[in-house]
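Hello,

Here is the structure we talked about. Please open it first, then read my notes below.

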Amino acid sequence: MENCLFCIIVKGEVPSEKVYEDDKVLAFKDINPATPIHVLVIPKKHYENVLDVKEEDKEIIADIFQAINKIAEKLGVEKDGFRIISNCGKDAGQEVMHLHFHFLAGGKMGPKII
Ligand code: 5GP
Ligand code: ZN
């Protein structure tokens with residue numbers, strides 16, 4: 001989608017620090033990390049957020065979570081753990097309207113997510 005920052009990152013027209021890539025999924029470091037390891041995991045195809053993933057597209061969610069498995073292993077955090085967050089819409093403060101999952105790791109996190 002034109003004018004979508006993450007679509008532009010997928011095209012390589014804005015640089016990113018890639019952590020993982022396959023034919024459907026891209027993961028890159030968040031520009032403003034909230035934790036020592038903060039990676040954004042996105043589908044290469046544009047979806048606005050989880051509400052935009054319809055029945056016919058549901059496999060992309062499995063693809064993303066398979067990628068998350070590989071990223072956890074690649075970054076060596078599969079034993080210590082990590083947190084996955086996807087902001088959806090206004091109240092969650094979604095800033096980039098391209099589906100993404102925050103992969104947070106690298107230290108003990110608080111017990112709450114808000
Ligand atoms: P949201 O608030 O939409 O869930 O998260 C958007 C995330 O994208 C934020 O954590 C923000 O730091 C990150 N971000 C915004 N612009 C860029 C960018 O140009 N490059 C990278 N790597 N991350 C970005
Ligand atoms: Zn997009």
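**Ligand 1 and its pocket**

Ligand 1 sits in the largest pocket. Keep in mind that this is a predicted model.

Start with the pocket itself. The largest pocket holds about 390 Å³ of space. Its lining is made up of 19 residues, and those closest to the centre of the pocket are Phe-6, Asp-30, Ile-31, Asn-32 and Leu-40. By class, the lining of the largest pocket has eight nonpolar, seven polar and four charged residues.

Which elements supply at least two residues each of that lining? They are α1 and β2. The largest share comes from α1, with three residues.

Now the ligand. Around ligand 1 there are 16 residues. Asp-30, Asn-87, Glu-95, His-100 and His-102 are the closest of them. Seven residues of this shell are nonpolar, six are polar and three are charged.

The elements behind the shell are quickly named. At least two shell residues each come from α1, which spans 5–11, and from β2, which spans 25–29. With three residues, α1 gives the most to the shell around ligand 1.

Asp-30 is worth a look on screen. Asp-30 is among the residues closest to ligand 1, and Asp-30 is also among the lining residues closest to the centre of the largest pocket.

- His-100: a polar side-chain atom is 2.8 Å from an oxygen atom of ligand 1.
- His-102: an N or O atom of the side chain lies 2.8 Å from an oxygen atom of ligand 1.
- Ile-31: a polar backbone atom is 3.3 Å from a nitrogen atom of ligand 1.

How much of ligand 1 does the protein bury? Ligand 1 exposes 530 Å² when taken alone, and the protein buries 84% of that.

Best wishes

How values were computed
Residues numbered from 1 in each chain as written. Chains lettered and ligands numbered in written order. Predicted model: local features only at pLDDT ≥ 70, side-chain atom pairs only at ≥ 80, totals over all residues. Heavy atoms only, no water. Near = heavy atom within 4 Å. Polar contact = N/O pair within 3.5 Å; in protein donor to acceptor, adjacent residues only side chain to side chain. Areas by Shrake-Rupley, 256 points an atom, 1.4 Å probe, with all protein chains shown as cover. 1 Å grid on protein atoms, 1.4 Å probe; cavity = no way out; pocket = protein on both sides within 12 Å on 5 of 7 lines; lining within 4 Å. Sits in = over half its atoms within 2 Å of the grid points. Helix = DSSP H or I, 4+ residues; strand = E, 2+ residues; numbered from the N terminus. Nonpolar A, V, L, I, M, F, W, Y, C, P; charged D, E, K, R; others polar. Points joined across faces, edges and corners; volume = space filled by probe spheres on them.
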